[in-house]
Structure formats: C-alpha cells, structure tokens
Amino acid sequence: MNVNAGKTRTGAPLDVEGLRRDFPILDQTIYDGKPLVYLDNAATSQKPKAVIEALTDYYTRYNANVHRALHYLGEQATARFEETRAKVAAFLNAPSERNIVFTRGTTESINLVAYAWGRANIENGDVILATGMEHHSNLVPWQILARAQGAELQLVPVLEDGTLDRDAFNSSLSPKVKLLAVTHMSNVLGTINPVKGLAAAAHEVGAKVLVDAAQSVPHMAVDVRDLDADFMAFSSHKMCGPTGAGVLYAKETLLESMDPFMGGGEMISRVNDDYSTWADLPYKFEAGTPNIADVIAFGVAVDYLSGIGMEAIHEYERDLTAYAVGRLEEVPGLRVFGHAPERGGAVSFEIEGLHPHDLSQYVDQQGVAIRAGHLCAQPLMRRLGVPAVSRASVYFYNTEREIDCLTDALRRACQFFGHG
Ligand SMILES: *Cc1c(COP(=O)(O)O)cnc(C)c1O
C-alpha cells in the first residue's frame with residue numbers, strides 16, 4: 001500500500017514528509033537517541049509552526065482585550081478573534097457566525113448545552129438518549145441533568161464489531177426522547193457513527209441532536225447543515241490548535257431560545273440594578289474575557305487544515321489506519337477492539353496477559369507514545385470486558401514507518417514480559 005495515497009484538493013498526493021517539517025516537536029530523539037513516534041493524537045494533536053507563531057505574534061504585537069477597547073490594538077485583536085469565528089463557520093458550512101460560540105473545549109460546550117438548554121427543556125419523565133461508546137464528557141453532564149430533572153438516561157448498546165445497535169436505537173425512539181447525544185467518531189473504537197441517519201430518526205420523534213465531534217472535525221470534512229445537527233461540540237487542541245479553545249455550534253433558533261450559561265461582562269446588552277438584558281448571538285454565551293490568543297491561533301489551525309484539505313486527510317488516515325490494524329493484528333496474542341466498516345484512526349487493543357500500563361510504559365522506552373487506560377469511557381470498557389485498553393491514534397503526519405516502530409516495540413514488549 002502507498003503511504004502517500006491521500007490526495008490534496010488539487011489531486012496531488014499528500015506530502016507527509018513536507019507536512020512533518022511544519023511540526024518542530026516531531027523532529028526529536030528521546031531516551032538516548034530513540035526517534036520520537038507520537039501516536040496519541042486522539043488525546044491531543046501536535047501544533048504546526050504557524051499556530052505556535054500566531055500565539056507569540058499576538059502577545060508580541062497586538063495583545064489587547066477584544067470587543068471593548070476602542071484603540072488600535074483592541075481593534076486588531078477583535079478583528080483577528082472574529083476572523084476565527086468566520087473561518088470556523090465556513091469550515092463547518094454553518095449558516096452564519098452567529099451559530100459559533102467559543103468555549104474552552106468540547107467538555108465546556110456540552111456542559112453549556114446541558115445547563116442552558118437542558119434545565120429549561122428536559123422535564124420529569126423525559127428520556128435522554130446517549131450511546132454505550134460516549135466519552136465521559138458526553139455522558140456525565142447528561143447524568144447530572146437527568147438526576148436534576150427526574151429524567152431517564154438511556155444508552156444505545158454497542159455491538160461486537162464496534163458499531164451501534166441500530167435496532168435497539170430504533171426501538172428506544174419515542175416522543176419521550178427529548179435529546180440524542182451521540183459521538184460522531186469514537187475515541188476508543190474509531191467507529192464513525194451514521195450521525196445523519198440517527199439525527200433524522202431522532203428528529204422524527206421531536207428530539208434535538210447533540211453531536212460530540214471532538215474526534216471527527218479534526219479528521220474529516222464535517223458539514224453541520226448536511227448532518228442537521230442541532231448542537232455540535234469540538235476542541236481546538238485535537239485539530240492542530242492550542243488548548244483552552246473550542247466550539248459550540250448550535251442552530252440559531254435554539255441559541256435565541258436559551259438563557260445564558262454564565263453571567264458577567266461581554267454577554268450583556270444593558271445591566272440595570274436588578275436585571276439585565278442579553279447581548280446578541282453569539283456573545284450572550286461568551287461571558288468574560290475569552291482565550292483571545294488561543295482562539296486567534298485556532299483560526300490559523302483551521303487555515304492550515306483547510307490548506308491540506310479534509311478529504312485528503314481523511315483518505316490518507318483511512319489507509320494508514322487499515323495498515324495499522326493489519327500490522328497490529330500480526331502481533332501474537334494481540335486483539336484490536338472494534339472493526340466498524342467506517343472508522344477513523346483511533347485503534348484500541350490488548351495483548352493477552354499484559355497490562356496496558358506496562359505495555360505503554362515499555363513502548364514509551366522505545367520512543368513510541370501511545371495511550372493506556374479507560375480512555376474516559378468506562379461504560380464502554382465494561383462492555384468490552386476489560387478495565388483498560390492500549391490505544392494508538394494517528395494523524396495526517398504519521399507514517400507507515402512509525403506504525404512499524406510501534407509493532408516492533410510491541411513485539412519486543414511481548415518478549416520482555418515473557419510472551420510469544
Ligand atoms: C477528547 C474528547 C472529548 C473531550 O474533549 P476536551 O477537549 O477534553 O473537552 C470529548 N469527546 C470525545 C469523543 C473526545 O475524544
């Protein structure tokens with residue numbers, strides 16, 4: 001298989017070696033000369049130089065608060081901050097910038113919906129439908145909401161191949177279901193869920209749909225209008241941007257109908273002594289000084305990804321993931337969790353008799369960074385019948401050679417721990 005199988009927008013192959021040169025962190029050796037192999041991209045991605053430079057550029061040349069300052073620096077900062085909003089709206093094919101609320105990340109975006117929309121719209125006896133493969137960020141807020149409102153949280157089961165049980169989903173649907181909260185791509189199994197179809201079915205019974213897009217927006221073209229998502233949440237730091245910035249996309253009618261999540265500066269229109277009126281969308285939901293530098297640099301990350309092309313990234317990662325699954329399954333005693341036909345580049349696995357923490361520590365000593373643990377998905381771990389898994393997760397800058405480093409390290413681990 002060709003490592004350069006991904007195509008850019010112009011149809012040329014993805015120049016992975018060239019792209020890697022944009023990421024200074026990748027070019028280093030650790031532990032006495034082992035080349036660093038970073039395969040923990042589902043936890044956070046690395047950042048290209050342009051994004052890192054945008055952060056220092058802001059602090060060096062035009063640091064000022066946004067929206068309020070009527071001076072040169074403030075206008076520069078506000079313009080760049082709002083440019084990111086326009087870029088994100090275009091990136092998602094959102095109708096307008098008014099649909100884009102900046103948050104600290106996926107977790108905060110989901111909590112915003114759970115509090116500001118959930119407390120007003122979920123009542124005693126209602127059903128919130130989530131799935132058995134949700135990240136804790138798309139589960140715990142709904143548990144808190146369900147408990148507070150006397151609602152019931154139901155989870156759509158996960159089948160053996162890592163896909164959702166569509167029959168169980170269909171039979172869970174009823175007019176009692178007020179919200180479907182579903183991950184677009186599983187951070188454990190890699191499964192890409194058929195969100196468009198699930199949303200259409202949920203809408204038929206009158207439910208709203210929240211899509212956790214933390215793993216999809218960084219890796220594939222996502223069109224919010226095509227999916228018909230009511231809410232969508234994702235984080236900058238998994239898509240080449242800084243930590244501390246993220247997005248809540250929501251339909252305008254919903255945002256209009258919702259009360260603010262937090263009160264403070266920036267989000268008001270007029271403040272009387274005993275009550276206030278709210279600022280226009282989306283500022284109603286952005287109380288206080290935002291993460292200005294991070295949001296501006298996030299815009300540079302969006303440009304960077306758009307410049308490569310999301311279709312090209314998705315195609316390249318599909319081939320690289322297939323290669324990774326194939327190579328991993330050659331390791332004696334290794335089992336990959338999840339074989340969904342539509343999948344992204346998070347590959348979880350176990351080696352019989354080896355604890356994931358011992359395994360990841362061993363391969364780390366060989367220079368290879370993978371993740372081990374419950375991956376913020378304890379209900380799914382119970383479904384898989386394991387306390388923890390190991391996970392390798394790729395991005396467009398990873399190569400087949402790096403996958404080979406991982407599988408070699410895993411084989412050595414098996415020998416070291418007395419397997420195979
Ligand atoms: C990482 C992740 C989250 C949480 O994102 P934060 O940036 O930590 O808020 C939620 N859902 C999925 C599927 C994730 O992978």
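Q: What makes two residues a contact here?
A: Contact means heavy atoms within 4.5 Å. Leaving out residues up to four places away in sequence, Met-232 touches Val-211, Ala-213, Val-217, Val-222, Val-224, Leu-227, Val-247, Leu-248 and Tyr-249. So each of those residues has a heavy atom within 4.5 Å of one in Met-232.

Q: How confident is the predictor, on average, in the residues of this chain?
A: This is a predicted model, and the chain averages a pLDDT of 95. A score of at least 70 is reached by 97% of the residues. Residues 1-7 are another matter: pLDDT stays under 50 there, and the model has 22 contacts for them beyond four places in sequence.

Q: Which residues touch the most other members of the largest nonpolar core?
A: Met-232, Phe-234 and Phe-396 do, in a core of 111 residues. Helix α10 (residues 292-308) gives the most to this core, with 12 residues.

Q: How do you know where this core lies relative to domain 1 and domain 2?
A: Look at who contributes. Domain 1 (16-35 + 309-416) and domain 2 (52-306) both give residues to the core, so it lies between them. Apart from it there is another core, of 25 residues, with Leu-112, Phe-231, Ala-250 and Leu-254 among them.

Q: What separates the centres of domain 1 and domain 2, and how many residues take part in their contact?
A: The centres, taken over C-alpha atoms, are separated by 28 Å. Domain 1 puts 35 residues into the contact and domain 2 puts in 33 residues.

Q: What makes β4 and β6 edge strands?
A: Start with the order. The open sheet has seven strands, arranged β4-β10-β9-β8-β7-β5-β6, with mixed pairing. β4 (100-103) and β6 (152-156) each have a single partner strand, so one side of each is left without a neighbour in the sheet. Neighbouring strands of this sheet are turned by 20 degrees against each other on average, direction ignored.

Q: How do you know that β8 and β9 count as paired?
A: The cut-off is at least two bridges between the strands. β8 (residues 208-212) and β9 (residues 231-235) are joined by three bridges and run parallel, so they pass.

Q: Why is Phe-349 called buried?
A: Buried means under 20% relative accessible area. Phe-349 has 0%, so the label applies. Phe-349 is found in strand β14 (residues 346-351), and its contacts beyond four places in sequence include Leu-328, Phe-337, Leu-359, Val-389, Arg-391 and Leu-410.

Q: What makes β14 and β17 partners, and in which sense do they run?
A: Four bridges join β14 to β17, and at least two are needed, so they pair; they run antiparallel. Val-347 has Ala-392 as its bridge partner in β17. Strand β16 (residues 371-373) also pairs with β17 in the antiparallel sense, over three bridges, with Gly-373 partnered by Val-389.

Q: How many residues of β17 are buried, and which way do they point?
A: Five of the five residues in β17 (residues 389-393) are buried. Val-389, Arg-391 and Ser-393 point one way, with Ser-390 and Ala-392 pointing the other way.

Terms used
Residues are numbered from 1 along each chain as its sequence is written. This is a predicted model: local features need pLDDT of at least 70, side-chain atom pairs count only at pLDDT 80 or more; totals for chains, interfaces and linings use all residues. Side-chain values use heavy atoms; hydrogens and water are left out. Axes are lines fitted to C-alpha atoms, for helices over the stretch in contact, and angles run from 0 to 180 degrees between N-to-C directions. Buried means under 20% relative accessible area, exposed over 50%, partly exposed in between (1.4 Å probe, protein chains only). pLDDT is the predictor's confidence in each residue, from 0 to 100. A nonpolar core is a set of buried Ala, Val, Leu, Ile, Met, Phe, Trp, Tyr and Cys residues joined through side-chain atoms within 4.5 Å. Domain bounds come from an automatic or database domain assignment.
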